[in-house]
Each structure stands twice: as structure tokens, then as C-alpha cells.
Amino acid sequence: MPAPLNAFKAALIEGKLQIGLWLGLANAYTAEIAAGAGFEWLLIDGEHAPNDLPTMVGQLQAIAASPSHAVVRAPIGEAWIIKQLLDIGAQTILVPMVETAEQAAALVRAMKYPPQGIRGVGAALARASNFNRVPDYLTTANAQTCLLVQVETVAALQAIEEIAAVDGVDGIFIGPSDLAADMGFLGRPGERAVQDAVERGIARIIATGKGAGILTADEALAHRYIELGARFVAVGTDVTLLSRATSGLSARFKQTDPTDASGQSSGY
């Protein structure tokens with residue numbers, strides 16, 4: 001019996017559009033609610049959400065009962081945390097702040113068992129192998145792992161082609177919020193200069209043959225990115241959905257403007 005098929009990775013290879021939602025509430029109950037909504041993928045955020053390995057495990061278990069595919073964003077691109085995320089059952093990992101091909105190559109090695117990589121062999125203890133009940137896990141797992149890297153600085157965008165050329169990088173995700181900050185537009189990813197850079201970046205990723213991804217809570221922008229050819233697009237976050245809904249409900253009864261307390265959008 002081999003490792004489970006990574007349907008998200010298969011869809012990327014086929015060029016299929018996959019719509020996702022960001023999970024930042026760090027809660028298995030809300031992950032289960034989102035998993036029933038019909039999204040192709042759900043991102044469990046380990047970078048900016050208050051997640052640790054146990055909360056991630058709970059969310060992976062909740063999502064596993066649905067057709068949605070779980071993607072986990074590592075807090076940092078280090079081999080030790082990637083090893084742990086793979087062992088708890090994440091097959092697809094998104095790594096933030098990748099700026100060079102050398103970084104990308106190191107991440108590929110962290111994702112793979114030897115001889116292709118340096119992933120530690122501890123599958124007998126791991127949820128990933130169904131606790132050693134998948135007899136061929138070690139020999140088949142490499143083919144089902146999926147590495148997504150985030151380019152979110154000016155330097156990273158300049159290196160898109162070099163990063164994409166690294167064998168084992170399956171998709172490239174543009175981070176508009178950090179890119180905006182790096183370009184001098186902190187909290188303003190909608191600025192024309194930022195959006196021009198994002199659109200050029202998507203086109204260059206597509207030209208390499210790799211899947212292009214992005215997150216935005218702006219529906220018009222999401223449709224624009226899809227039109228440009230982005231193929232894994234997160235169209236909102238659980239935090240923003242709850243925040244907007246609760247503020248709107250309160251405002252309707254208090255006759256206040258729900259945008260008064262919303263602050264400037266960062267793109268999430």
C-alpha cells in the first residue's frame with residue numbers, strides 16, 4: 001500500500017484551478033466548518049496564526065474527513081519544522097520568504113527522504129504513515145509531497161525563474177502583503193505599482209510551467225488573478241470572515257459604520 005495520493009499536487013500538474021481558504025483561527029472546530037464549505041484546499045497557517053503542532057494535528061484530522069486538501073504553512077523554512085509537519089500528516093507545505101534558488105533547493109531536500117533529501121526516517125511514529133500501517137510509505141512518500149514556496153519581496157520576484165527551475169518546487173505563491181511592504185507600501189497591497197508587480201510575477205511563474213498561487217480577500221482581485229492564470233487561489237480567511245460578519249451584525253443593530261473599526265486592509 002503506497003502513501004495517499006496528493007490530489008492537490010495532481011491538480012497542479014494538470015493545471016486545474018483550485019480555490020482555497022486561509023485558516024487562522026487555530027481551531028479544529030472552525031476547520032471542520034470550513035472543510036464542509038466546498039473549497040478544494042484549506043491553508044493551516046503556522047506563520048501568523050497561533051498554531052503549534054497539536055493544534056495543526058487537530059485541524060488536519062478535521063479536514064481529512066472532507067474532500068478539501070490541507071496545506072500547511074510553516075512558520076519558517078527550516079528542515080526541523082518541515083520534518084515535523086510532514087510526520088503529522090501534511091503532504092503539501094507552503095514556505096514563506098523564499099528569495100533564492102539555493103533556499104528552494106534546501107527546502108526540496110528537507111521534503112524528501114534519502115537519497116533525494118534529508119528527511120528523517122521516523123515514519124513508525126508518524127500520523128503520515130497511519131502509524132506504520134502504510135507498509136510502502138517510506139518508498140512512496142516522496143512522490144506525494146508537494147512544496148509551495150512564497151516569493152514576497154522584490155528580490156524574490158527577480159529570482160522567479162531560478163527558483164522555478166529547482167526540481168521539486170511544485171508551485172510558487174506570491175505574497176502581496178509582504179511584497180507591498182518591501183516596495184514601500186506597507187498595508188497597501190492594492191497600490192497600482194504593487195499590483196503591476198504581482199501581475200508580472202504571475203505571468204512569469206506561468207511561463208516557467210509551475211503553478212502560480214496567491215491569497216486575497218478582495219473578490220475582484222481574486223477573479224483578476226484567476227483570469228491571469230493563477231491556479232491555487234485563496235479567496236479569504238476564516239478570521240476576516242468572522243470579523244466582518246460580527247462587526248456588520250453589530251453595526252446593523254447599533255446603526256454604526258462597520259468599517260470604522262476595520263482599519264486599513266493588509267490584503268488578508
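**Salt bridges and the loop**

Mentor: Asp45 and Arg73 pair through their side chains in a salt bridge, with N to O at 2.8 Å. The pair ties together distant parts of the chain: Asp45 sits in strand S2 (residues 41-45) and Arg73 in strand S3 (residues 69-73), 28 residues apart. Both Asp45 and Arg73 are buried. Buried means under 20% relative accessible area, exposed means over 50%, and partly exposed lies in between (1.4 Å probe, protein chains only).

A salt bridge here is a side-chain nitrogen of Lys or Arg within 4 Å of a carboxyl oxygen of Asp or Glu. By this rule the count is 9 salt bridges. Side chains of opposite charge can pair when their charged atoms come close.

This is a predicted model: local features need pLDDT of at least 70, side-chain atom pairs count only at pLDDT 80 or more, and totals for chains, interfaces and linings use all residues. Residues are numbered from 1 along each chain as its sequence is written, and side-chain values use heavy atoms, with hydrogens and water left out.

Now turn to helix H10 (residues 192-208), which holds both Arg192 and Asp196. They are 4 residues apart, about one turn of the helix. Helices (H or I, at least four residues) and strands (E, at least two) are DSSP runs, numbered from the N terminus. Arg192 forms a salt bridge with Asp196, and their closest N and O atoms are 2.9 Å apart. Arg192 has 49% relative accessibility, so it counts as partly exposed. Asp196 is also partly exposed, because its relative accessibility is 30%.

Arg192 has another partner, Glu199, with the closest N and O atoms 3.7 Å apart in that salt bridge. Glu199 counts as buried because its relative accessibility is 19%. Shared partners join Arg192, Asp196, Glu199 and Arg224 into one salt-bridge network.

Next, the backbone. The peptide bond from Pro114 to Pro115 is cis, with omega near 5°. Pro115 lies in the loop between helix H5 (101-111) and helix H6 (137-144). Asn130 is in the loop between H5 and H6 too. Its phi is near 55°, a positive value in a residue other than glycine. Asn130 has a relative accessible area of 35%, so it is partly exposed. Phe131 is likewise placed in the loop between H5 and H6. Phe131 is not a glycine either, yet its phi is positive, at about 60°. With 44% relative accessibility, Phe131 counts as partly exposed.
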